[in-house]
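Morning, everyone. Please have a look at the screen, and then I'll walk you through it.

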Amino acid sequence: MSLTTISSPVIYEEEKTRIRDFLSKFKQEEKDLAQNFANIDIEDRANGIPAEIRSLKYMSQLQRIANREESMLVVDLEDVYSHEDSTAELVSRIRSNTHRYVKLFSEVVDELMPIPTKDISEHDEVIDVILHQRRERNAQLEEGQTGFPPQLLRRYSLYFQPLKSDVALAVREVRGSSIGKLITVRGIVTRVSEVKPLLQVNAYTCEVCGAETFQDISNKTFTPLADCGNEAECLKNGIRGTLHMQTRACRFSPFQEVKIQEMADQVPVGHIPRSMTVHVNGPLTRQMNPGDVVHLGGIFLPIPYTGFQAIRAGLLTDTYLEVHHIYQLKKQYTEMESTPEIEQALDELASNPQLYQTLAQSIAPEIYGHEDVKKALLLLLVGGVTKLTGDGMKIRGDINVCLMGDPGVAKSQLLKYISKIAPRGVYTTGKGSSGVGLTAAVMRDPVTDEMVLGMWAGALF
């Protein structure tokens, strides 16, 4: 019995019209517009960007992408939802079929991409120089630019930012019904691989006619082309020209594989923490380190096994999360924004003669007393200065603290408060960690077959 064919009620040409209207007409909010004018108004005037385009949020981003000033286009679903010509149905369809709408948005962006207002320079990539020379040659020959796949011409990475109302799911709460949808997952990063180049478009050159051939790569495994398919030369003359790969003309994208694990408060009693594979591409790489607590918004997709694993797995497939948005729950000290209010508060604290006691009392103020313990924890947070003696001996500034006391004197509560303050702090207990989890574990990465630093069901310091 054959499967029932269900026609899709969505007409993608109409969807592209709505997407084109949103990207070309959506205006920035007043506060964002004022901030952008203050930051990039002089630079945009120097690059020749008109004022009417600067007021449009996404058109101004496309102009900067065309000028090679940015490489990431983030479409906020809140903007799509608040657009006057859009409805909640478009946002719902984007969330339920995100991978398809990435292609639709990319096609519309290719049509709306403005002409660069800056000339090419020596800082551009090789493919930019090749395309610039080819456009000049085609203009001289009065021929259109043909033969280049859209993926090769795109100098940007398109991502969707989830809605603010989306609830972050635990890894064990992600079900099969979430496949293909835009979801948000909360967890702790346990393993991060090195950044490797991922081939997206492969370029070949025929040794007989010199024609260029491009191959779109959508999977991790592909079969290289061997014979030339140029109808004007090789096929017309009955010659089988051999293709040679041209690495400099290929399109590569940064790729990184990350493993996230459930938080200790998300694991039921007696269960093993579950993990999920995360794929990070483009400018989003190098933004996560082992031990970070993150909210990852992305597309939940299946991936079949390859090689001998496919023979052993049979009909089973693995799953992964293609990341579109990364939200760090704990920011590093260097990432914290300084405001006039914060600077004024810091100046007042610097002039306070009782600064040491004031900061110590600010640690877990709901717990009475324990001033000596709080001062020790304050010194643990601040640390000291690393010293190097004259004979070459190095004395580190970091200190370790061991709390010992009777039951019920708020030892764990004080440590929990410290873990919330510290950007890299992770709180763990005896039942939620193991001997390996308390120390760094070196494992072999199944993707790159290299040794990586990670951890098991515990905390990595």
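One term before we start: contact here means heavy atoms within 4.5 Å. And keep in mind that this is a predicted model.

With that term in hand, take T184. T184 sits in strand β3. Which residues does T184 contact, leaving aside its neighbours within four places in sequence? The list is P162, D166, V167, A168, L169, H295, L296 and G297. T184 has a relative accessible area of 11%. Buried means under 20%, so T184 counts as buried.

Now go to S178. S178 lies in the loop between β2, residues 157-161, and β3, residues 182-192. Is S178 buried or exposed? It is buried, because its relative accessible area is 11% and the cut-off for buried is under 20%. Setting aside residues up to four places away in sequence, S178 touches I183 and F300.

Let's step back to the whole chain. The protein has 461 residues, and 36% of them count as buried. There are 15 helices and 14 strands. Look at contacts with a separation of 6 or more: residues 24 or more positions apart account for 66% of those. The accessible surface comes to about 28300 Å². Carbon and sulfur atoms hold 53% of that surface.

Staying on the surface, there is a nonpolar patch to point out. Which residues form the nonpolar patch? They are I342, L346, L349 and L359. Together they have about 310 Å² of accessible area. Helix α12, residues 340-350, gives the most to the patch, with three residues. L359 is in helix α13, residues 355-361. Why does L359 count as partly exposed? Because its relative accessibility is 32%, and partly exposed falls between under 20% for buried and over 50% for exposed.

Last stop: empty space inside. Rolling a probe the size of a water molecule over the atoms shows where empty space is left. How many cavities of 30 Å³ or more does a search of the whole structure find? One. The largest cavity has a volume of about 30 Å³. Its lining is made up of G291, D292, V293, Q328, K330 and P423.

On the surface, I342, L346, L349 and L359 form a nonpolar patch. Thanks, I'll take questions.

Notes:
Residues numbered from 1 in each chain as written. Predicted model: local features only at pLDDT ≥ 70, side-chain atom pairs only at ≥ 80, totals over all residues. Heavy atoms only, no water. Patch = residues over 30% accessible without salt bridge, like charges linked within 9 Å, V, L, I, M, F, W, Y side chains within 5 Å. Areas by Shrake-Rupley, 256 points an atom, 1.4 Å probe, with all protein chains shown as cover. Salt bridge = Lys/Arg side-chain N within 4 Å of Asp/Glu carboxyl O. Helix = DSSP H or I, 4+ residues; strand = E, 2+ residues; numbered from the N terminus. Buried < 20%, exposed > 50% of the residue type's maximum accessible area, 1.4 Å probe, protein only. 1 Å grid on protein atoms, 1.4 Å probe; cavity = no way out; pocket = protein on both sides within 12 Å on 5 of 7 lines; lining within 4 Å. Points joined across faces, edges and corners; volume = space filled by probe spheres on them.
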